Amino acid sequence: MNAPKELSYPRFCVAGNTIYFSGMGALGENGKLVEGGFKEHVEQALRNIEAALADAKVTKAHIVRVAVKVVHISYQPVLEEAYAKFLDGYDDHPARTFDAGSQFPFGSLVEIEVTATYAPVRRERLIMDPDYENRIEQE
């Protein structure tokens, strides 16, 4: 399935090895908002991202950052389920931000934007140091 192509802005821009994708909402291939609730909206937004990635000749493995915005925080559990399914098979997930309380064009309940790269990706996991607070107090 292809993402809507008749937009007034580019689906992505390339600068060097970095690909910046525009925010993807719940517009179907026909350019209209998909029917249904949040689950259908987030699934369509993720399909739109997959189509845009393919157009840029990259895969989900090339994603280095994801910014997710939803209209209400109560949608987070549904988002997490769809996001996990979207990245199924990828052990190292990209960096991610999450924001709630936004409004989007066309009535979409979600907007997701990604940044990807043509360069090799190295991911580092944030590991909390259990002794961090003790060391700060001693200094």
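Predicted model: local features only at pLDDT ≥ 70, side-chain atom pairs only at ≥ 80, totals over all residues.
Residues are numbered from 1 along each chain as its sequence is written, and side-chain values use heavy atoms, leaving out hydrogens and water.

**Aromatic pairs**

- The structure holds 2 aromatic pairs, where ring centres of Phe, Tyr or Trp (its six-membered ring) lie within 6.5 Å, and planes under 30 degrees apart count as stacked, over 60 as edge-to-face and the rest as tilted.
- Phe 12 and Phe 21 form a tilted pair, because their ring centres are 5.5 Å apart and their planes are at 45°.
- Phe 12 is partly exposed, at 24% relative accessibility.
- Phe 38 and Tyr 75 are stacked, with centres 4.3 Å apart and planes at 5°.
- Phe 38 lies in helix H1 and Tyr 75 in the loop between strand S3 (63-70) and H2, so this pair ties together parts that are 37 residues apart in sequence; helices (H or I, at least four residues) and strands (E, at least two) are DSSP runs, numbered from the N terminus.
- Phe 38 is buried at 5% relative accessibility, whereas Tyr 75 is partly exposed at 23%.

**Charges over rings**

- The charged end of Lys 60 sits over the ring of Phe 86, 4.5 Å from its centre (the cut-offs are NZ of Lys or CZ of Arg within 6 Å of the ring centre and within 35 degrees of the ring normal).
- Arg 96 has its charged end over the ring of Tyr 83, 4.7 Å from the centre.

Key. Buried < 20%, exposed > 50% of the residue type's maximum accessible area, 1.4 Å probe, protein only.
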